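Please look over the sequence and the model below before reading on.

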Amino acid sequence: MSSSPPPSSAAASPSCPKKMIALRSSDGETFEIEEAAALQSKTLENMIDEDCAGTPIPLPNVTGKILAKVVEFCSKHAEPGVDDESLRAWDAEFVNVEQATVFDYILAANFLEIPTLLNLTCNVVADMIRGKTPDEIRKFFNIKSIFSPEEEEEVRRENHWAFE
Amino acid sequence: MEGETLPADQDVPRDDNKPRECECNAEDGSLVSMDWFPDDLLEQILACLPFADLVRAGVVCTRWRRIINSETFRKKLLHGVSHRPWFVLHGFLGQPACAYDPVHNVWCELKLPRFEFSLYSSILGFASSTGLICVYGKSEGGIGQLCVCNPLTRICRHIAPAPSVESQLFATLAISVSRTTPSYRVSLVTSKIPPGIQVGYELSIHLYDSETRMWKTCMTEYMRIWRCCNESAICDGVLYFLIISPSTASRENRYGLVMYDLSGRCSNDLLASFVPVPRPHGYGRLMNMKEKLVLVMDIDRYNGVGIWVLNGREWREIARSPDDYFPGLGSNAWLRSCGLNDLIYIWSGDGHDHPSPYIATFDMNQKQWSRNNLATVPSQDYKGFCFEPQLDIVP
């Protein structure tokens with residue numbers, strides 16, 4: 001989906017109903033996204049309002065690989081006439097990726113302030129936590145417990161049942 | 001909003017010797033760390049967790065603990081929770097309890113402190129309110145035991161039983177948790193046959209105050225034809241309970257409601273406060289819904305369930321179940337109900353130990369009925385109760 005946009009691509013001609021926004025990832029790739037899709041991101045919404053007409057919006061915190069997927073997500077969610085159930089199924093497929101990628105999505109969704117993607121990905125991570133004991137959670141996310149000895153004692157006392 | 005600067009290229013392999021928190025490995029060997037998540041992001045993830053998992057998450061590491069215990073996080077959580085209390089099907093005497101969380105629409109297993117209740121050979125009374133449950137039972141040796149517990153943190157307090165409680169025949173328990181101070185009150189209404197008396201019952205009202213940590217016997221009265229049964233509730237400082245006249249053959253006014261002002265402000269002549277129940281043959285369930293007394297009762301055996309609110313000394317009907325919810329309750333049917341804040345849960349059975357496959361809920365605020373499948377719940381003990389999960393309430 002990457003291309004070099006001609007200088008005047010962002011200026012919508014009156015006959016062209018779909019205004020395209022250009023985005024540039026941290027590693028220099030450029031993507032085009034319909035305005036309706038871009039407005040899913042509060043960050044982009046603010047930037048568009050500030051009239052960065054013509055120049056691609058730089059997103060130094062998002063790589064091309066992830067930005068491509070984010071654009072795909074936003075475009076899908078801006079599509080008219082998609083029923084709830086198929087959208088949910090599509091979302092489920094979208095996040096059916098390895099953990100690291102889900103984490104990348106979360107960070108991108110957080111930076112770009114895309115509530116739908118953020119909600120979706122947070123739930124995915126929450127699902128990774130659900131049902132696990134504290135020990136299992138630590139192992140899974142490779143968390144080294146860094147309670148101070150006093151804190152550890154206090155936590156154990158308050159929550160002894162959680163350690164069972 | 002992203003406040004941290006992230007490395008521009010996340011695909012560069014990190015130095016593997018550096019210990020990191022909250023990492024996971026990508027297939028290509030790069031490391032993505034939850035360490036990079038700002039607090040509000042972690043908060044958002046943790047807020048998706050059902051309550052039971054949240055309590056476990058709070059002991060994972062310092063950072064998670066700090067976030068979960070923070071004021072802002074709790075407020076965010078409880079905002080939804082308090083209007084949608086949990087429904088729990090309990091098996092105190094051996095079986096695990098199943099809790100339904102209406103906010104997440106999920107059933108989970110709740111490990112109630114079985115070891116505490118293992119002393120109980122029978123449960124005589126049960127009550128629940130914001131954050132706490134209260135159980136009154138008898139141990140093998142016939143000694144009365146009373147325990148107040150927070151089912152989530154499993155912190156229990158055994159309360160020395162009220163004086164002369166051990167030999168009680170009929171008892172009903174209610175608990176009222178204060179929203180302003182960390183205190184609660186437990187009321188125990190008992191009816192027993194006094195020694196040497198052939199007819200009638202001695203009714204007593206005992207009150208325990210967690211602030212003074214003492215029991216007080218508020219009153220004792222001999223009643224020729226009435227005794228308490230299993231329903232009581234404390235609303236706005238007034239104790240309400242149902243009384244039954246077991247020998248009334250005509251079944252008119254067989255059940256009635258009486259009230260007792262716990263503050264002792266008004267003169268408390270119990271029978272003077274008598275209010276008949278809306279349906280003379282019916283046995284209802286009492287509950288405190290935002291400090292109003294609500295009664296749930298079958299309208300008649302074949303017509304479903306009604307919900308009434310007490311206004312002064314009169315019942316006002318506020319809802320009736322849809323026709324297909326409780327069809328043909330039948331002669332052996334039983335009805336159970338509990339409620340808290342805005343939600344009332346109702347479930348029933350046909351008396352042959354076949355409970356209906358779903359549980360009905362009524363939202364008092366939105367005046368809406370709905371049904372949820374009990375299909376995932378093991379059909380065992382159908383004594384259920386409602387409670388509002390709270391982590392910081394201590395018995």
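Two strands count as paired if DSSP finds at least two bridges between them, and strands (E, at least two residues) and helices (H or I, at least four) are DSSP runs numbered from the N terminus. By that pairing, C235(B) stands opposite V238(B) in β15(B). This is a predicted model, in which local features need pLDDT of at least 70 and side-chain atom pairs count only at pLDDT 80 or more, while totals for chains, interfaces and linings use all residues. Residues are numbered from 1 along each chain as its sequence is written, chains are lettered from A and ligands numbered from 1 in the order in which they are written, and side-chain values use heavy atoms, with hydrogens and water left out.

**A four-stranded sheet in chain B**

- The strands of an open sheet follow the order β14-β15-β16-β17 in chain B, and their pairing is antiparallel.
- At the edges lie β14 (227-235) and β17 (275-276) of chain B, each of which pairs on one side only.
- Eight of the nine residues of β14(B) are buried (under 20% relative accessible area, with a 1.4 Å probe and protein chains only), so this strand is largely enclosed by the rest of the structure.
- β14(B) and β15(B) run antiparallel and are joined by six bridges; they form a hairpin with two residues between them, and D236(B) in the turn has a positive phi of about 55°.
- Strand β15 (residues 238-244) of chain B is in turn joined by seven bridges to the antiparallel strand β16 (residues 255-261) of chain B, where M259(B) is the residue opposite Y240(B).

**Helix contacts**

- In chain B, helix α1 (residues 39-46) and helix α3 (residues 62-69) pack at an angle of about 75° with their axes 10 Å apart; axes are lines fitted to C-alpha atoms, for helices over the stretch in contact, and angles run from 0 to 180 degrees between N-to-C directions.
- α1(B) and α3(B) are therefore roughly perpendicular to each other (65 to 115 degrees).
- D39(B), L42(B), E43(B) and L46(B) of α1(B) make this contact (heavy atoms within 4.5 Å) with R63(B), W64(B), R66(B), I67(B) and I68(B) of α3(B).
- Five of these residues are nonpolar, four are charged and none is polar, where Ala, Val, Leu, Ile, Met, Phe, Trp, Tyr, Cys and Pro count as nonpolar, Asp, Glu, Lys and Arg as charged, and the others, Gly among them, as polar.
- In chain A, the axes of helix α6 (residues 115-129) and helix α7 (residues 134-141) come within 9 Å and cross at roughly 125°.
- V125(A), M128(A) and I129(A) in α6(A) meet I137(A), F140(A) and F141(A) in α7(A), and the residues of that contact divide into six nonpolar, no polar and no charged.

- C74(A), which has its place in helix α3 (residues 64-78) of chain A, is buried, with a relative accessible area of 3%.
- Not counting residues up to four places away in sequence, C74(A) touches I33(A), A37(A), Q40(A) and I114(A).

Terms used:
Angles under 35 degrees count as roughly parallel, over 145 as roughly antiparallel, 65 to 115 as roughly perpendicular and the rest as oblique. Buried means under 20% relative accessible area, exposed over 50%, partly exposed in between (1.4 Å probe, protein chains only).
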